[in-house]
Every structure is written in structure tokens, then in C-alpha cells.
Amino acid sequence: EDLYPFMTASLRADMEKTVAAGRGRQDSAAQGYFGMTTRALAGRVIEQSSRKAVVAITTQRRESPADQLNAKVYNQDIELTLLEDGGVWRVDRADWK
């Protein structure tokens, strides 16, 4: 939810549905804590115009289960599509590769 201001209206609407669905699931609370941390390592512009940009970002991700003993660290790329919205660039699409 902290990232909503950085999203276009359409991506935000999709993410709000995803968050609401996750909160409504009873089984997620029974499974305990699960955390995900993502850090950007490098990025490059794939495409850019006055209204749209596509960037590829290499990230390092850490999945942390409740016990913290079996944390998984790995690199994963993401491709972000940004649209200019009233003088502000907002993410319209995020595709994990």
C-alpha cells in the first residue's frame, strides 16, 4: 500500500484487489510469517518516449519464512513500464522475469 502513489490508477486498482484478496484468506494467517525484501542492483532503459518508458532492473530478493533459518536469497529481473501522468512518472506494469 505504501507504493500506491507511484502507480497508475489501473495498476493501483489491480493491486488493491490483490491485497484485499490476500487479507481475506484464512489460511495465510495459519501459515505464519513470511517476508520478502527486494533490493535494486542495476537498471537500464529499454525504451523511452515523452509519455512512456520501459526499464529493466536486476534485483536481489530475500524470502524469509517464520523460522528465518531457511531464508532464500536470489537475483531476479523485473521489467517496469512507466507512463507519464500529469508531469509524474508512474508504474503501469511490473513483469517479473
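Two strands are taken to pair if DSSP finds at least two bridges between them. Strands (E, at least two residues) and helices (H or I, at least four) are DSSP runs, numbered from the N terminus. The model is predicted, so that local features need pLDDT of at least 70 and side-chain atom pairs count only at pLDDT 80 or more, whereas totals for chains, interfaces and linings use all residues. Residues are numbered from 1 along each chain as its sequence is written, and side-chain values use heavy atoms, with hydrogens and water left out.

Strand 1 (residues 34-48) and strand 2 (residues 52-65) run antiparallel and are joined by 13 bridges. The two strands form a hairpin with three residues between them. Within this pairing, valine 45 has valine 55 of strand 2 as its bridge partner. Strand 2 also pairs with strand 3 (residues 72-85), again in the antiparallel sense, over twelve bridges. Leucine 82 is bridged to valine 91 of strand 4.

The nonpolar interior was examined next. A nonpolar core is defined as a set of buried Ala, Val, Leu, Ile, Met, Phe, Trp, Tyr and Cys residues joined through side-chain atoms within 4.5 Å. Burial was assigned from relative accessible area (buried under 20%, exposed over 50%, partly exposed in between; 1.4 Å probe, protein chains only). The largest such core has nine residues, namely Tyr4, Met7, Leu11, Val55, Ile57, Ile78, Leu80, Leu82 and Val91. At least two residues of this core come from each of strand 2 and strand 3, and strand 3 gives the most, with three residues. In soluble globular proteins, nonpolar side chains tend to be buried together. For contacts, defined as heavy atoms within 4.5 Å, neighbours within four places in sequence were left aside. On this basis, leucine 82 is in contact with Arg51, Lys52, Ala53, Val55, Trp89, Arg90, Val91 and Asp92.

Polar contacts were then considered; each is a pair of N or O atoms within 3.5 Å, where within protein one atom must be able to donate a hydrogen and the other to accept it, and residues adjacent in sequence count only if both atoms are side-chain atoms. Threonine 38, in strand 1, counts as partly exposed because its relative accessibility is 39%. Its side chain makes a polar contact of 3.1 Å with the side chain of arginine 61. Beyond residues up to four places away in sequence, threonine 38 touches Thr59, Gln60, Arg61 and Trp96. The C-alpha atoms of threonine 38 and glutamine 60 are separated by 5.7 Å, although these residues are 22 residues apart along the chain.

Arginine 61 also joins glutamine 76 through a side-chain polar contact of 3.0 Å. Glutamine 76 lies in strand 3 and counts as buried because its relative accessibility is 17%. Contacts of glutamine 76, not counting residues up to four places away in sequence, comprise Ile57, Thr58, Thr59, Arg61, Trp96 and Lys97.

Charges were assigned to ring faces where NZ of Lys or CZ of Arg is within 6 Å of the ring centre and within 35 degrees of the ring normal. Arginine 61 lies over the face of tryptophan 96, at 3.8 Å from the ring centre. The charged end of lysine 72 sits over the ring of tyrosine 74, at 5.1 Å from its centre.

Serine 64, in strand 2, is buried because its relative accessible area is 7%. A polar contact of 3.5 Å links the side chain of serine 64 to that of arginine 62. Not counting residues up to four places away in sequence, serine 64 touches Tyr33, Phe34, Gly35 and Ala71. Serine 64 and glycine 35 are 29 residues apart along the chain, and their C-alpha atoms are separated by 4.9 Å.
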